[in-house]
Amino acid sequence: VQLQASGGGLVQAGDSLSLSCAASDSNFNSYNMGWFRQAPGKEREFVGAMWSAGVIYVVNSVKDRFTIARGNAKNTVLLRMTSLKPDDTGVYYCAANVSGGAPEMRADCWGQGTQVTVSS
């Protein structure tokens, strides 16, 4: 499966941004999708996931500001971000676990990443 992340950009602190991840595979609905981010000089970190069964979770550090949902477009998953902070700056990646496991434990496919820059 090929993943394409989009929607990043340069925003100001306090703004909202919605990222989209589009999958090329028609089996998308059976995959467990995850969002990750990598800040400059830091390791990539898990942000949240949406399982094929509908379970959605986001890490505690951003759960009050970030949500994950299916997109209206076919085979897409969204990462909706509000009240953005400069610390949210980084490259955001979507990933898929195609074998039924947790994306944060094992991602089988990765998108190319989309840059989010939050200015203060």
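## Overall size and make-up

With 120 residues, a compact globule would have a radius of gyration near 14 Å, and this protein agrees with that at 13 Å (the radius is taken over C-alpha atoms, and the globule rule is 2.2 Å times the number of residues to the power 0.38). This is a predicted model, so local features need pLDDT of at least 70 and side-chain atom pairs count only at pLDDT 80 or more, while totals for chains, interfaces and linings use all residues. Residues are numbered from 1 along each chain as its sequence is written, and side-chain values use heavy atoms, with hydrogens and water left out.

Taken along the principal axes, the C-alpha atoms fill a box of roughly 40 × 25 × 25 Å. Of the 120 residues, 44% count as buried (buried means under 20% relative accessible area, exposed over 50%, partly exposed in between, with a 1.4 Å probe and protein chains only). The accessible surface comes to about 6,100 Å², and carbon and sulfur atoms own 47% of that (areas come from the Shrake-Rupley method with a 1.4 Å probe; for residues, only the protein chains shown count as cover). Look at contacts with a separation of 6 or more, and 55% of them come from residues 24 or more positions apart (contact means heavy atoms within 4.5 Å).

## Strands and a sheet

You'll find 11 strands here and 0 helices (both are DSSP runs numbered from the N terminus: helices are H or I with at least four residues, strands are E with at least two). An open sheet of 4 strands goes in the order β1-β3-β8-β7, with antiparallel pairing (two strands pair if DSSP finds at least two bridges between them). Its edge strands are β1 and β7 (66-70), each pairing on one side only. On average, neighbouring strands of this sheet are turned by 15 degrees against each other, direction ignored (the axes are lines fitted to C-alpha atoms, for helices over the stretch in contact, and angles run from 0 to 180 degrees between N-to-C directions).

Now for the details. β1 and β3 pair in the antiparallel sense over 4 bridges, and S6 stands opposite S20 in β3. β3 is also joined to β8 (residues 76-81) by 6 bridges, again antiparallel; there, L19 has L79 as its bridge partner.

## The cysteines

The structure holds 1 disulfide (a pair of cysteine sulfur atoms within 2.5 Å). C21 and C94 form it, with their sulfur atoms 2.1 Å apart. The pair links distant parts of the chain: C21 sits in β3 (residues 17-23) and C94 in β9 (residues 90-97), 73 residues apart. The link is right-handed, with 70 degrees about the S-S bond. C21 is buried, at a relative accessible area of 0%, and C94 is buried too, also at 0%.

What about C109? C109 is in no disulfide, and the nearest cysteine sulfur, that of C94, is 10.0 Å away. With a relative accessible area of 15%, C109 counts as buried.

## A loop residue: E104

E104 lies in the loop between β9 and β10 (109-110). E104 is partly exposed, because its relative accessible area is 29%. Leaving aside neighbours within four places in sequence, E104 is in contact with F36, F46, A49 and Y57. Q12 is another matter: its C-alpha atom and that of E104 are separated by 29 Å, and the two residues are 92 residues apart along the chain.
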